[in-house]
Amino acid sequence: MAITDYEIQIADNAMKSLSLMLEKGYDDVLFSFPGELVLIEKNGKFGLSDESGNVLFKPIYDYIDPTLSEFLYVLQKNNRYGIINTNGNVLYKLGLEKVEKESYDSLILIEHKNKIGFLTEKGKQIYPLILDEVDRVDEHIYLIRKNKSWGALNSSGNTILDLSL
């Protein structure tokens with residue numbers, strides 16, 4: 001039976017993880033984390049490094065979620081959230097009260113200080129944190145309100161009705 005490239009990659013990642021754990025004193029290292037970053041854990045807190053072990057985000061976070069999209073991670077600490085891309089660039093500093101995405105949707109809803117905004121799965125801003133209210137009409141349509149003006153957008157981020165009603 002031939003050895004597959006997948007088996008070689010898994011074994012290689014396991015050896016890298018073990019090496020980093022021993023060298024840096026981490027409790028756990030996960031190389032199979034989506035994207036180019038490596039999840040590190042120390043004393044029950046999480047951080048991110050590059051594949052060489054250079055720490056990009058110290059292990060101070062309660063949780064790091066790679067499932068928001070294939071391009072973004074959510075950092076969580078003390079019930080506040082931040083968003084970074086898979087290259088480690090900060091899109092939103094820690095402070096958001098809400099970051100959510102429906103599995104059938106390509107939009108990410110963010111909230112900070114009672115203002116709501118939307119991002120694409122790649123982190124492009126569709127609406128900054130300016131909206132006062134968002135109501136989902138169905139799986140594909142959102143009604144949005146800013147001050148007294150209402151509008152609508154679809155789950156791809158396209159404006160259906162401008163904020164003018």
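Before the charges, one definition: I call it a salt bridge when a side-chain nitrogen of Lys or Arg lies within 4 Å of a carboxyl oxygen of Asp or Glu. Please also keep in mind that this is a predicted model.

With that cut-off, a search of the whole structure gives 7 salt bridges. Take E121 and K101 as an example. Their closest N and O atoms are 3.2 Å apart, so by the cut-off of 4 Å they form a salt bridge. What does this pair tie together? E121 sits in the loop between β11 and β12, and K101 in the loop between β9 and β10, so the bridge joins parts that are 20 residues apart in sequence.

Next, R145. Its side chain meets that of D132 in a salt bridge, at 4.0 Å from N to O. D132 is in the loop between β12 and β13 while R145 is in strand β14, so this pair ties together parts 13 residues apart in sequence. D132 counts as partly exposed, with 22% relative accessibility.

R145 also has a salt bridge to E133, and here the N to O distance is 3.1 Å. That links strand β14, where R145 is, to strand β13, where E133 is, and the two residues are 12 apart. E133 is partly exposed, with a relative accessible area of 28%. Which residues make up the network around here? K115, D132, E133 and R145 are linked by salt bridges.

Stepping back to charge over the whole chain, there are 18 positive and 25 negative side chains. The centres of the two sets lie 11 Å apart.

Now the overall fold. The protein chain has 1 helix and 16 strands. The helix, α1, covers residues 5-24, and Q9 is in it. Q9 is partly exposed, with a relative accessible area of 47%. To give a sense of scale, the C-alpha atoms of Q9 and E100 are 32 Å apart, and the two residues are 91 positions apart along the chain.

How does the chain compare with a compact globule of 165 residues? Such a globule would have a radius of gyration near 15 Å, and this chain has 19 Å. The C-alpha trace spans about 60 × 40 × 20 Å along its principal axes. Of the 165 residues, 37% count as buried. The accessible surface is about 9,700 Å², with 50% of that belonging to carbon and sulfur atoms. If you look at contacts between residues at least 6 apart in sequence, 21% of them join residues at least 24 apart.

Last item, the backbone. Most residues other than glycine have a negative phi. Which residues here have a positive phi without being glycine? N43 is one of them, with phi near 55°. N43 lies in the loop between β2 and β3, and is exposed, with a relative accessible area of 64%. K113 is another, with phi of about 50°. K113 is in the loop between β10 and β11, and is exposed at 63% relative accessible area.

That is what I have; I will take questions now.

Notes:
Residues numbered from 1 in each chain as written. Predicted model: local features only at pLDDT ≥ 70, side-chain atom pairs only at ≥ 80, totals over all residues. Heavy atoms only, no water. Helix = DSSP H or I, 4+ residues; strand = E, 2+ residues; numbered from the N terminus. Rg over C-alpha atoms; globule rule 2.2 N^0.38 Å. Buried < 20%, exposed > 50% of the residue type's maximum accessible area, 1.4 Å probe, protein only. Contact = heavy atoms within 4.5 Å. Areas by Shrake-Rupley, 256 points an atom, 1.4 Å probe, with all protein chains shown as cover. Lys, Arg positive; Asp, Glu negative; His and termini not counted. Charge placed at Lys NZ, Arg CZ, Asp CG, Glu CD.
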